[in-house]
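Subject: Structure for your review

Dear colleague,

Please find below the structure that I am handing over to you. My notes on its pockets and on one of its ligands follow.

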Amino acid sequence: MYSVKEAFYTLQGEGVQAGRASVFCRFAGCNLWSGREQDRASAQCRFCDTDFVGTDGQNGGRFATADALAEHITRLWPHPHEGVTPYVVFTGGEPLLQLDAALIDAVHAAGFEIGVETNGSLAAPDGIDWLCVSPKGNAPLVQTRGDELKLVHPQTDAPPERFEGLDFDHFLLQPMDTSGLMASDARKEPLSATVEHCMAHPRWRLSLQTHKIAGID
Ligand SMILES: C[S@@+](CC[C@H](N)C(=O)[O-])C[C@H]1O[C@@H](n2cnc3c(N)ncnc32)[C@H](O)[C@@H]1O
Ligand SMILES: Nc1nc2[nH]cc(C(=O)O)c2c(=O)[nH]1
Ligand code: SF4
Ligand SMILES: [Mg+2]
């Protein structure tokens, strides 16, 4: 059984694949926060910008089999006959709580390339075509290789230097969006701090959340 908060067609907003047409499949639930505001201050991840609780979002629901969810995702890709490889991004919540070999096989069989957005605290299964790991300062990092490491910045307990030796092709710093947050993990001026860090340490590239600028999901 897969629990999906919401699923929708949009452009990938973040990271190296920013701008790419994608079906987003947002799984319900996370291992680093309950999703309840009253638990945020004591959670392992305290700056989350996402509602991942329940299965009541657009095109959300519970899917009994991998084939049923793959079919649901396929119906959201609006260009089946255009000769472009369709792309699905599994996110959440934490997608590695639910993404398994059966679902990877089913969406591959439907012709999709697979991207994943994970916090890196769980090991990724084989077969993911684009793996984005976004470590959280208070959580153990288990998944230490992938395509891109996209660190939200600045984070207490997660200085960028800590991750520079890991086996990733791309290193990205994404300014923390503090607009929905109280003080706690939020610091002054994440955007200027992130720009400064990328200019001073050119291994790192700036990742902006372009979907928020564009006003899309
Ligand atoms: C909502 S998370 C879901 C996937 C997974 N749980 C994770 O944390 O990577 C998707 C992406 O948004 C980033 N993110 C979450 N809250 C953010 C914020 N307030 N500002 C900037 N990026 C944020 C995460 O670090 C992650 O890269
Ligand atoms: N457009 C768009 N791009 C995204 N990239 C990562 C997102 C996420 O929440 O995982 C996200 C999202 O929520 N929307
Ligand atoms: S790990 Fe990801 S989904 Fe979970 S609370 Fe943090 S940013 Fe949100
Ligand atoms: Mg998001």
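Which element supplies the largest share of the lining of the largest pocket? The answer is strand E1, with 4 residues. Please keep in mind throughout that this is a predicted model.

**The largest pocket**

The space in the largest pocket comes to about 750 Å³. Its lining is made up of 39 residues, and those closest to the centre of the pocket are Glu14, Asp49, Thr50, Thr91 and Gly92. Strand E1 covers residues 2-11, and it is one of the elements that each give at least two residues to this lining. The others are strands E2 (21-27), E5 (113-118), E7 (145-153) and E8 (167-175), together with helix H4 (210-214). Sorted by class, the lining holds 14 nonpolar, 14 polar and 11 charged residues.

**Ligand 2**

Where does ligand 2 sit? Its place is in the largest pocket. Strands E1 and E2 are the elements that contribute two or more residues to the shell around the ligand. That shell consists of Thr10, Leu11, Gln12, Gly13, Glu14, Phe24, Arg26, Thr91, Glu117, His211 and Asp217.

In one, a nitrogen atom of ligand 2 lies 2.5 Å from an N or O atom in the side chain of Gln12. In another, a backbone N or O atom of Leu11 is 2.8 Å from a nitrogen atom of the ligand. Asp217 also takes part through its backbone, where a polar atom is 2.7 Å from a nitrogen atom of ligand 2. On its own, ligand 2 would expose 320 Å², of which the protein buries 92%.

**The second largest pocket**

The volume of the second largest pocket is about 150 Å³. Its lining is formed by Gln174, Pro175, Met176, Asp177, Ser207, Leu208, Gln209, Lys212 and Ile213. Strand E8 and helix H4 are the elements that give two or more residues to this lining; E8 and H4 are also among the contributors to the lining of the largest pocket. The residues lining the second largest pocket divide into 4 nonpolar, 3 polar and 2 charged.

Yours sincerely,
A colleague

How values were computed. Residues are numbered from 1 along each chain as its sequence is written. Chains are lettered from A and ligands numbered from 1 in the order in which they are written. This is a predicted model: local features need pLDDT of at least 70, side-chain atom pairs count only at pLDDT 80 or more; totals for chains, interfaces and linings use all residues. Side-chain values use heavy atoms; hydrogens and water are left out. On a 1 Å grid over the protein atoms alone, a cavity is a set of points where a 1.4 Å probe fits but cannot get out, and a pocket is an open set with protein on both sides within 12 Å along at least five of seven lines; lining residues have an atom within 4 Å of a point. Grid points are joined across faces, edges and corners, and a volume is the space filled by probe spheres set on the points. Ala, Val, Leu, Ile, Met, Phe, Trp, Tyr, Cys and Pro count as nonpolar, Asp, Glu, Lys and Arg as charged, and the others, Gly among them, as polar. A residue is near a molecule or strand if one of its heavy atoms lies within 4 Å of it. A polar contact is a pair of N or O atoms within 3.5 Å; within protein, one must be able to donate a hydrogen and the other to accept it, and residues adjacent in sequence count only if both atoms are side-chain atoms. Accessible areas come from the Shrake-Rupley method with a 1.4 Å probe; for residues, only the protein chains shown count as cover. A molecule sits in a cavity or pocket if more than half of its atoms lie within 2 Å of its grid points.
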